[in-house]
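User: I've got a model open and want to talk through how it's put together. Can you walk me through it?

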Amino acid sequence: MRPQLTSDVLINIDSNFIVQSAVLARNLNQYASIETLHVFFAGLTADLEAEMKMMIGEVKFEVVIYDIDKPLMQLPNLHSNRGIPFVTFGKMLAASLLPGRVKQVLYLDVDIDILDNIDELLCVKLFSTIAAVPAIAEVGVDSSGNRIESYFSAGVLLINLEKWRENSMDLAAIQLMRDRLPMKYQEQDLLNILFENNYCMLHQKWNFQVDARLRNDPLDNQKVIVHFAGGYKPWLYPVASDLHREWRRKQLEIIGTDSKKWIESSVGYSLLRVYRILVPHSIAKWVRINFKPLLFGLGVNKLKDSR
Ligand SMILES: [Mn+2]
């Protein structure tokens, strides 16, 4: 076996994705040999940190949680993007916030499931390229509306932090954000422009996107990392497919089933969807804050959308 070059995984979340992160952490525990899981957390509090560590439980690697509010607020133009989950830009800070010993990092979205061992991915050598990406996304339009020929999905990225630091990519990213935001697919557009052609492609089994186009994909029996890109998240549509059911099974292992039986059903989820559509955001937020213990018991505050 080749030497493993990546021992660090990075995720990027806020308080709406704690259980998703726990599912991912347990997946990593089973299917990867890593040293550290780095969690960039927007809006971190001591309670949330404790909740997260409790949900993850005992794992073979270290879990380091970073409060990224301050560094995020220093990024230009984010304030003008209210309403978009700008936490996703946290990954732009990887080179500056992760310790210098980390030369390569595997960035993962939390809307993924891991089905098998990923050590082969952790052995990929990046040489002088900035990153390796396993998938071309369907969308490929930059901020000016021009089609980008080889547009990748930023859900699974193997990033060469050494190159990132050498080339001061942080500054380039910030300059780009100053000039080009808002972008339709936010940091994904940004990374596509930033990496230009200085990245290599990996097998799509590392970012198998679950959507209509790929449903009968010939790669179906090779997939290792499943990415629920798009709106059909497994926590919102737990019975949409066998893959959704499998992710949901892992979620229930963590949150338990007893008091949440009704919510497991599609009926429960549908009611919540209707609630979210009909009740204005400001009122929903007020309810969430003031009835947090009750809602938390029901798992309602875990039902949020993301890419
Ligand atoms: Mn995603």
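Predicted model: local features only at pLDDT ≥ 70, side-chain atom pairs only at ≥ 80, totals over all residues.

User: Okay, what is the strand order in the open sheet?

Analyst: There are 7 strands in the sheet, and their pairing is mixed. Strand 3 (62-67) and strand 8 (199-201) are the edges, each pairing on one side only. From one strand to the next, the twist averages 25°. Reading across, the order is 3-2-1-4-7-6-8.

User: Which residue of strand 4 is the bridge partner of valine 9?

Analyst: Strand 1 (residues 8-14) and strand 4 (residues 104-108) run parallel, joined by 2 bridges. Valine 9's bridge partner in strand 4 is leucine 106.

User: And at what angle does helix 1 run to strand 1?

Analyst: Helix 1 covers residues 18-31 and lies across strand 1, strand 2 (36-42), strand 3 and strand 4. Its angle to strand 1 is about 170°.

User: Is the crossing of helix 1 and helix 2 left-handed or right-handed?

Analyst: Two packed helices get described by the distance between their axes and the angle between them. Here the axes of helix 1 and helix 2 (residues 46-56) come within 8 Å and cross at roughly 35°. The crossing is right-handed.

User: How many residues of that contact are nonpolar?

Analyst: Helix 1 brings Ile18, Val19, Ser21, Ala22 and Ala25, while helix 2 brings Leu48, Glu51, Met52, Met55 and Ile56. Of the residues in this contact, 1 is polar, 1 is charged, and the nonpolar ones number 8.

Note on methods: Residues numbered from 1 in each chain as written. Pairing = 2+ DSSP bridges. Helix = DSSP H or I, 4+ residues; strand = E, 2+ residues; numbered from the N terminus. Axes fitted to C-alpha atoms, helices over the stretch in contact; angles between N-to-C directions. Contact = placed C-beta atoms within 7 Å. Left-handed = near helix turned anticlockwise from the far one by under 90°. Nonpolar A, V, L, I, M, F, W, Y, C, P; charged D, E, K, R; others polar.
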